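Biologist: Hi! Could you walk me through this structure?
Modeller: Happy to, here it is.

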Amino acid sequence: MVAELVKIRRLTDQEGQQLHRIVRRGSTNTVRYRRTMMLLASVGGNRVPVIAQLVQADEDTVRDVIHRFNQIGPACLDPVGLTRFDGQGRCGDLTLLCWRLPGLDRWLRRWRG
């Protein structure tokens, strides 16, 4: 069974300008910058494996970003753009577990399916 070819939808002029502006000026947010690079590479006609290698990401992540952009547009660039919490610490089938290390004030997060 062959997976369907993932392509980005046609960009509006405003969306295209916004994506190019993020890359040109350089974003302090690494997640936003990498997602923008994924989308621009897709606009350029590159396939998912090439894009994943370009931005050093998993192919599934690239597919998720492109699908999400096709659904909601530039809002997918935000670091929480692919995460949907229900307020109970759950995200889809995944549960967010938080705990404290003894003597440290840092919270560690781990996803458990």
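Modeller: Let's start with Gln56, which counts as exposed because its relative accessibility is 69% (exposed means over 50% relative accessible area, buried under 20%, partly exposed in between, with a 1.4 Å probe and protein chains only). This is a predicted model, where local features need pLDDT of at least 70, side-chain atom pairs count only at pLDDT 80 or more, and totals for chains, interfaces and linings use all residues. Residues are numbered from 1 along each chain as its sequence is written, and side-chain values use heavy atoms, leaving out hydrogens and water.

Biologist: Where is Gln56 found?
Modeller: In the loop between α3 (48–55) and α4; helices (H or I, at least four residues) and strands (E, at least two) are DSSP runs, numbered from the N terminus. Gln56 has a positive phi of about 55°, although it is not a glycine.

Biologist: New topic: how many salt bridges are there in the whole structure?
Modeller: A search finds four, each being a side-chain nitrogen of Lys or Arg within 4 Å of a carboxyl oxygen of Asp or Glu. In one of them, Arg9 pairs with Glu15, with the closest N and O atoms 2.8 Å apart.

Biologist: Is Glu15 buried or exposed?
Modeller: Glu15 is buried, with a relative accessible area of 11%, whereas Arg9 is partly exposed at 28%.

Biologist: Which salt bridge does Asp78 make?
Modeller: Its side chain meets that of Arg32, 2.8 Å from N to O. That pair links distant parts of the chain, 46 residues apart: Asp78 is in the loop between α4 and β1 (90–91), and Arg32 is in helix α2.
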